[in-house]
Amino acid sequence: MTKAVLLGALCLLLAGCGSGDDGDDTGSAMIASGTLTGKVGGVIWTLAAAQTDSFLSDDTEFWVDLYLAAPTGCGSQGTGNSVILTVPNKLGSHALSLQLNGTFVLDNAAQDNLVATDGAIRVDEITDTRIRGGVTMTFDTANSISGEFEATICPP
């Protein structure tokens with residue numbers, strides 16, 4: 001009986017142990033390797049180009065617009081369904097939340113914006129001219145993407 005109680009207590013102790021990281025636990029969110037792809041608005045979507053918005057970015061995070069069709073340059077917009085990411089200005093993996101999220105922007109009559117808090121963003125590299133990383137995020141079965149991206153940092 002004593003061994004069973006001791007074993008049970010040990011199991012409870014181990015189950016209560018956390019991951020020991022700094023709170024950026026991505027849980028079960030797995031980011032696919034390769035180009036960012038999935039569905040946006042129920043339509044197959046593959047990243048063509050990404051860029052930051054200097055007006056909406058700040059010292060702690062970048063506002064990143066991801067497009068199905070490449071825009072003509074920094075400050076211009078692509079056409080079709082798109083995705084907006086809030087990307088931390090910090091290397092590592094970051095779980096999506098209400099504060100750190102992504103938005104599926106549907107090119108429909110209502111211009112729907114579907115905010116996703118399920119998933120993760122991984123930041124691999126930040127230079128003066130680009131951000132490289134990966135993301136997986138889901139709003140529903142018609143709006144779900146996963147893969148890697150590289151975004152141009154547009155000057156102010």
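This briefing covers a disulfide and the surroundings of one asparagine. The structure is a predicted model, in which local features need pLDDT of at least 70, side-chain atom pairs count only at pLDDT 80 or more, and totals for chains, interfaces and linings use all residues. Residues are numbered from 1 along each chain as its sequence is written, and side-chain values use heavy atoms, with hydrogens and water left out.

**The disulfide**

- A search of the whole structure finds 1 disulfide (a pair of cysteine sulfur atoms within 2.5 Å).
- Cys-74 and Cys-154 form this disulfide, with their sulfur atoms 2.1 Å apart.
- Cys-74 lies in the loop between strand E4 (61-67) and strand E5 (82-88), and Cys-154 in the segment after strand E11 (143-152), so the pair ties together parts that are 80 residues apart in sequence.
- Strands (E) are DSSP runs of at least two residues, numbered from the N terminus.
- The link of Cys-74 and Cys-154 is left-handed, with -80° about the S-S bond.
- Cys-74 is partly exposed at a relative accessible area of 43%, while Cys-154 is buried at 7%.
- Buried means under 20% relative accessible area, exposed over 50%, and partly exposed in between (1.4 Å probe, protein chains only).

**Asn-101**

- Asn-101 sits in the loop between strand E6 (92-95) and strand E7 (102-105).
- The relative accessible area of Asn-101 is 15%, so this residue counts as buried.
- A polar atom of the Asn-101 side chain lies 2.8 Å from the backbone oxygen of Leu-98.
- Leaving aside residues up to four places away in sequence, Asn-101 touches (heavy atoms within 4.5 Å) Ile-84, Leu-85, Thr-86, Leu-96, Val-115, Ala-116 and Thr-117.

Key:
Helices (H or I, at least four residues) and strands (E, at least two) are DSSP runs, numbered from the N terminus. A polar contact is a pair of N or O atoms within 3.5 Å; within protein, one must be able to donate a hydrogen and the other to accept it, and residues adjacent in sequence count only if both atoms are side-chain atoms.
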